[in-house]
Amino acid sequence: MPVNSCVPGPELVGHIVELARLEWTSGATAAAAERFGWVPDGSRTSSYATTTGHHVLPEWFGGPGDADTECMIPFCYYYEPDDFDAELQADGLSGNVDWLAGYYSGEPGWVFDREAGRSAFDGRWRAAVDAFGERLGEPETVVRDEKGDHPWNYAAWRCGGNAVVVGQCVDNGSYMTFEQALIWVGPQPSDEPFPTGEQFALRLEC
């Protein structure tokens, strides 16, 4: 049950916290990305490559025009192989495990562990929560989405009119083959409660 991950360290955490504390007027996020040294990606899937090996979604984040409404940075992917994967491996053919191994293979900091298991996936989420906790204190909310085959976890902090969320969800980039853990940043009115676990799953999905 492989995991491919690059848990955010102090540099990325600091950038995300600064981004979350901004007022997201038109051009503000693009200016912040330039200050951080993030490099425009130009691909159809992400807008910037960070200095820490991560990629910033969606592909229009930090672009010209209207103010942004969300920013997502995946840092961990997980896959549960099935019998077909075992057959492919026995025949010496590549499959989803090899696909996952190739995720971010050229980026610094990413580590692929073929035998990690779901506990490692949850552990990477917890490590990211702890990293943000060192800057932001205890999260305002920690919830779980119990509706799927496996529970997903979410922790969230308010930063002025925005929020930082560290959570787990399906990875649409793999056509829902993999699960992922990511950082979400976006508007969260101060007078509105945080979503439930199920609502967080929909908000973070990318």
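Me: Where does Pro58 lie in this predicted model?
Reply: Pro58 is placed in the loop between strand E4 (55-56) and strand E5 (71-78).

Me: What is the peptide bond from Leu57 to Pro58, cis or trans?
Reply: The bond from Leu57 to Pro58 has omega near -5 degrees and is cis. Most peptide bonds are trans.

Me: Why is Tyr175 called exposed?
Reply: Exposed requires a relative accessible area over 50%. Tyr175 has 68%, and therefore Tyr175 is exposed. Its place is the loop between strand E9 (162-170) and strand E10 (179-187).

Me: What is phi of Tyr175, positive or negative?
Reply: Phi of Tyr175 is near 60 degrees, which is positive, and the residue is not glycine. Most residues other than glycine have a negative phi.

Me: What is phi of Tyr104, and where is Tyr104 found?
Reply: For Tyr104, a residue other than glycine, phi is near 55 degrees, again a positive value. Tyr104 belongs to the loop between helix H4 (96-101) and strand E6 (111-113).

Me: How do you know that strand E3 and E4 pair?
Reply: Pairing requires at least two bridges between two strands. Two bridges join strand E3 (residues 48-49) to E4, so the two strands pair, and they run antiparallel. Ala49 has His55 in E4 as its bridge partner.

Me: In what order do the three strands of the open sheet stand?
Reply: The order is E2-E3-E4, with antiparallel pairing.

Me: What makes strand E2 (39-40) and E4 edge strands?
Reply: Each has a single partner strand, so one side of each is left without a neighbour in the sheet.

Terms used: Residues numbered from 1 in each chain as written. Predicted model: local features only at pLDDT ≥ 70, side-chain atom pairs only at ≥ 80, totals over all residues. Heavy atoms only, no water. Helix = DSSP H or I, 4+ residues; strand = E, 2+ residues; numbered from the N terminus. Buried < 20%, exposed > 50% of the residue type's maximum accessible area, 1.4 Å probe, protein only.
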